[in-house]
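Thanks for coming. I will go through a few local features of this model, then stop.

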Amino acid sequence: MVLNWIWISFFVIAFLMALGKTIFCGDLQVWSDVMNASFDQAAFAFEVSLGLTGVLTLWMGIMKIGERGGVIEFFGRLISPFFSRLFPGIPKGHPAMGAIFMNISANMLGLDNAATPMGLRAMQEMQTLNTKKDTATDAMIMFLVLNSSGLCLIPISIMMYRAQGGAANPTDIFIPILVATAIATLVGLTALCIKQKIRLDRVLVSWLLGIGAFVAGVTWLFSRLPADKVQLYSTFGANVILFVVIIAFIGAGVRSKLRVYDVFIEGAKDGFKTAVMIIPYLVAILVAIGMFRASGALDIFTGWVEKGVAWLGFDTQWVGALPTMLMKPLSGSGSCAMMLDVMKANGPDAFVSKLAAAVRGSTDTTFYILAVYFGSVGVSRTRYAAGYALIADIAGAIAAVAVAYFFFS
C-alpha cells in the first residue's frame, strides 16, 4: 500500500510542478523534459533488465548446482540459530535460508552482480511457503529491509569512482561508509524486530554483537593497510571469494554425482525467465522517478532545505549532498550521477564530495530492490516493506552525515 501511494505521488508531484512552471514562469519546455524522461527511463529499465539477463542466467545456474549439491542446505544449517529467529516463518533447513545467507554475504562483499540472483533465488524459495501469493510475508519483508539497509564491508565501486575522479586518497571513505551502513542495518533490523514482535533473546543478541565485532575487526584491519592498497586488496579478496564459491558449488555437484552441466542449464533457464518477469516492475518505478526528477521537484526541495538550514543557523555544507541522499532510495544510477556531479563541481576531495560518497554507500537502492525482488515472484501487496526500508535509509543518511563531519570536517 505504501509503495502504491509513493508511486502515484511521483506522477502527481511531477504534473503539478510542470503545471506551476508553465503558469507562473511561462516554461513550456518542462513538459517535453518530463515526457522525454518517461521514454528514456522506460528504455533504461529494459536495458537494466537486459543487462541482468546474462548475470541472472549465470548465477541462477550456479545456484541450482549449489542447491542440488547440498551447499545451500549446508549454509542454511550454518546460520540457522540466527536466521531462524529473524525468519520464524521459514522452517529450519529450508533452501531459502541458504539462499538468504549467500545473498547477504555477497552484498557485504560488494558483489552486486552475484547478490541479485542469489536474492531472487531466496525470494522464489520464500514464495513456495507463501499462502497468499500476491502478498508479502513477514520473512520477505525482513529480507527486503536487510537488503535495502545494504550492509557492505567493501564499497569497491565508490572507491573506484573516487580514484577515477582524481581523489588524493580514494579509500578514505571506506571506514565512514562501513560505520554508516552498519548503523542503517542495525536500525532497520531493530525496528522490524519490534514491528514483527521478534524477541531479542540471548542467541539473537549474541549474533548481532558478533556481527558488530566482525565489522569492527574489518575496520581495524583495513585502517592499518597503506591507503593505496585498500582498494587493491579489497577487490582481490572479494573476487577470490566469489571464484571459490563457484568452484565449491561445482565441486559439490561433482561429489553428489550430478550431471553438473545439465543442472546449470536448468537453473539458467529460470534466470532468463526471471529477468523477463521483472521488466514491468522496473519500468513502473523508473519512469515515475525519472518524471519526478525532470519536473524540477527535487531541485526545488533541496533549495528549500538549504534555506531552512541556514535560517536555523546550522552549517549548510551537507546540503550539497542532499540530492544524492534523496536519489539513493529511488535510483542507483541516479544517485551515482548525483555523487559524480558533486565531485565534478566541488572536486573529489571537498568535504561535500566525501559526504556524497558516504551517503551513496550508506544504504542500497530501496525502490529498485522492492520492484525487482517482489516483481520476480509476482507480489503486488508489499504491506509495510517500503516504510521500514525507508527507516533504514533515513538512519543511514543521518549516520553518513554525522560520520562525515567526524572524519572530514
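When I say helix, I mean a DSSP run of H or I with at least four residues, numbered from the N terminus. By that rule, Ser-84 lies in helix α4, residues 80-86. This is a predicted model, where local features need pLDDT of at least 70, side-chain atom pairs count only at pLDDT 80 or more, and totals for chains, interfaces and linings use all residues. Residues are numbered from 1 along each chain as its sequence is written, and side-chain values use heavy atoms, with hydrogens and water left out.

Back to Ser-84. Its relative accessibility is 15%, so Ser-84 counts as buried; buried means under 20% relative accessible area, with a 1.4 Å probe and protein chains only. Setting aside neighbours within four places in sequence, Ser-84 is in contact with Ile-79, Lys-92 and Met-97, contact being heavy atoms within 4.5 Å.

Next, helix α17, residues 351-362. Twelve of its twelve residues are buried, so α17 is largely enclosed by the rest of the structure. Among them are Lys-354 and Arg-360.

Last, a helix pair. The axes of α7, residues 138-149, and α18, residues 366-376, come within 9 Å and cross at roughly 140°. Axes here are lines fitted to C-alpha atoms over the stretch in contact, and angles run from 0 to 180 degrees between N-to-C directions. Which residues of α7 and α18 meet? From α7, Met-140, Phe-143, Leu-144, Asn-147 and Ser-148; from α18, Thr-366, Ile-369, Leu-370, Tyr-373 and Phe-374.

Note on methods
Helices (H or I, at least four residues) and strands (E, at least two) are DSSP runs, numbered from the N terminus. The expected span of a helix is 1.5 Å times one less than its number of residues. Buried means under 20% relative accessible area, exposed over 50%, partly exposed in between (1.4 Å probe, protein chains only).
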